[in-house]
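Good morning, and thank you for coming.

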Amino acid sequence: MPRFARREGDCHHEARVRVAGASAFTIVELMVVIAVITLLIAMTLPSLNKAKERAVLAKDISNVRQVMIASSSYALDSSGFYPHRTVGSYMPHQVKGTGYDFNKTFFPKYLQGRENAFCLGRLKEVRDPNIYTQYKDQYVTMQYLNYNILNAGLLAPKVDLARDSAVGKHTLWSCLTTLKDSNNWLGHDAEETPVPPTGQCAAKIDGSAAWHGMSDMEMGIFVVSHQFWRAKP
C-alpha cells in the first residue's frame, strides 16, 4: 500500500465528521433561535394572561350565581325571606356577628361551604383567609346587599330586598367593592390601591349574574366610613 494512500475506513470517518459539522449550530445561529423564541413568548403571554383572566371571570360569575341560587333556596325554606341578619351596622361582607352566623345558618346547608363566597380576582391576594385571618370565619369577599333591616347609611334609594318577592333587577350579591376611609379601593381587580376596580361580578334578584363595569355601578351603602358600590338596577 502506498505511503499516503487512505484506507476506506478513514474516508468514511471523514465523511461522518463533515456531515456532523454541517448540521451543527453556530453561536450566531443559536442566538438568533433564542431571540425568535423569546419574541414568540413575549407575543403569546398577553393572550395567555387574557385567557386566564376570562377563565377567572367566568368562574367568578358562576360562583356569584351559585350564591344567589342558594339564597333563593334559603328563602323557600324560610317563608320567602332571604338570609337575614339581626339589626346592626354590619359591613355587607360580614357573615358573622352578634345574633347571626351565616357559617351556621346559610353556608353549610345551601352552599356546602364558604368557598363560593370568595371573589377569585386579585382581591383574593390581599383578603385570602390564610393571609387576612379575620376572613377565616367573619368575612367573605363577596358582599351581601340585603340591608333593608340594618342601620346603615344608604347612598342610593333604599330598596326592600328582604323577601324573594322583591321586584326589579337589584343586586343582592356581588364581588366586594368598597372605597375605604384610607382612600384605597378593594374590588375584583383592586387590592388596596387608590385606583378603583374595573367592575364587579354581580347577581341580581331576578336570578341573572354578569360582569358590570364601574360605569354601570353606583354607591350603594355607607358603613363604618366605607362606601360599598353595587351594580345599578
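Among the contacts in the protein chain with a separation of 6 or more, 61% join residues 24 or more positions apart; contact here means heavy atoms within 4.5 Å. This is a predicted model, in which local features need pLDDT of at least 70 and side-chain atom pairs count only at pLDDT 80 or more, while totals for chains, interfaces and linings use all residues. Residues are numbered from 1 along each chain as its sequence is written, and side-chain values use heavy atoms, with hydrogens and water left out.

The protein chain has 5 helices and 12 strands, taken as DSSP runs (H or I, at least four residues, for helices; E, at least two, for strands) and numbered from the N terminus. Of its 233 residues, 41% count as buried, that is, under 20% relative accessible area with a 1.4 Å probe, protein chains only; exposed means over 50%, and partly exposed lies in between.

Let us turn to the interior. A nonpolar core is a set of buried Ala, Val, Leu, Ile, Met, Phe, Trp, Tyr and Cys residues joined through side-chain atoms within 4.5 Å. The largest one holds 42 residues, and V64 is among those that touch the most other members. Its largest share, 7 residues, comes from α2. Leaving aside residues up to four places away in sequence, V64 touches partners including M142, W173 and C201.

Finally, consider two loop residues. S79, between α2 and β1, has a positive phi of about 55 degrees although it is not a glycine. N183, between β6 and β7, also has a positive phi, near 65 degrees.
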